Amino acid sequence: MQPPLLPLAQNLLVQLALLAQVGMAEQAERACSVLSYGDVKRVELAMALASRPRLMLLDEPMAGLGPDESARMVATLRELKKEVGILLIEHDMEAVFALADRISVLVYGRVIACGLPAEIRANAEVRKAYLGEQEAVHG
């Protein structure tokens, strides 16, 4: 017995809409095994969005991406954050500054600063930690 075509067609439309939401609709017929690492990460985002979350926890989504793929991921996340809350854990500070409304900075598991991106960028303790002086102190 074959499943009814209408639910299958609706599922396909939902899947295509999710892929479009992360900028991957044009790749819909390609197997993940032939996609770039960055494109696979965007497909994973589409899969996560299928459950219609109100909040997504993203752990280093820019990890392993080259500059072009990272820029595409930032653009994708910038659009997604209009529809779903995002809690981002990321070491790529430029990506963080491009995406975050509020930032908490941790060093050695301790929060050293919380605030708006401009406040974090100007924070002396954050600048010291990310310029390597913190390592010299804790050596």
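A residue is called buried when its relative accessible area is under 20%, exposed when that area is over 50%, and partly exposed in between, using a 1.4 Å probe and protein chains only. By this scale Lys81, at 30%, is partly exposed.

Welcome to the structure. This is a predicted model, in which local features need pLDDT of at least 70, side-chain atom pairs count only at pLDDT 80 or more, and totals for chains, interfaces and linings use all residues. Residues are numbered from 1 along each chain as its sequence is written, and side-chain values use heavy atoms, with hydrogens and water left out.

**Charged partners**

A salt bridge here is a side-chain nitrogen of Lys or Arg within 4 Å of a carboxyl oxygen of Asp or Glu. The structure holds 5 of these salt bridges, including the following.

| Pair | N to O distance |
|---|---|
| Arg42 and Asp39 | 2.8 Å |
| Lys81 and Asp101 | 3.0 Å |
| Glu125 and Arg110 | 3.4 Å |

Helices (H or I, at least four residues) and strands (E, at least two) are DSSP runs, numbered from the N terminus. Arg42 and Asp39 sit 3 residues apart in helix H2 (residues 37–49), about one turn of the helix. Arg42 counts as buried because its relative accessibility is 8%, and Asp39 is buried too, at 11%.

The salt bridge of Lys81 with Asp101 links distant parts of the chain, 20 residues apart: Lys81 is in the loop between helix H3 (67–80) and strand S2 (85–89), and Asp101 in the loop between helix H4 (93–99) and strand S3 (103–107). Asp101 is exposed, with a relative accessible area of 54%.

Glu125 and Arg110 also meet in a salt bridge. Glu125 belongs to helix H6 (residues 124–130) and Arg110 to strand S4 (residues 110–115), 15 residues apart. Glu125 is partly exposed at 36%, and Arg110 is partly exposed at 47%.

**The nonpolar interior**

A nonpolar core is a set of buried Ala, Val, Leu, Ile, Met, Phe, Trp, Tyr and Cys residues joined through side-chain atoms within 4.5 Å. The largest one has 20 residues, and Val22, Leu45, Leu49, Met62, Leu77 and Leu80 touch the most other members. Helix H1 (5–21), H2, strand S1 (55–59), H3 and H4 each give two or more residues to this core. A second, separate core of 12 residues includes Val96, Ala100, Ile112 and Ala129.

**A charge over a ring**

Arg121 lies over the face of Phe97, 3.9 Å from the ring centre; the criterion is NZ of Lys or CZ of Arg within 6 Å of the ring centre and within 35 degrees of the ring normal.
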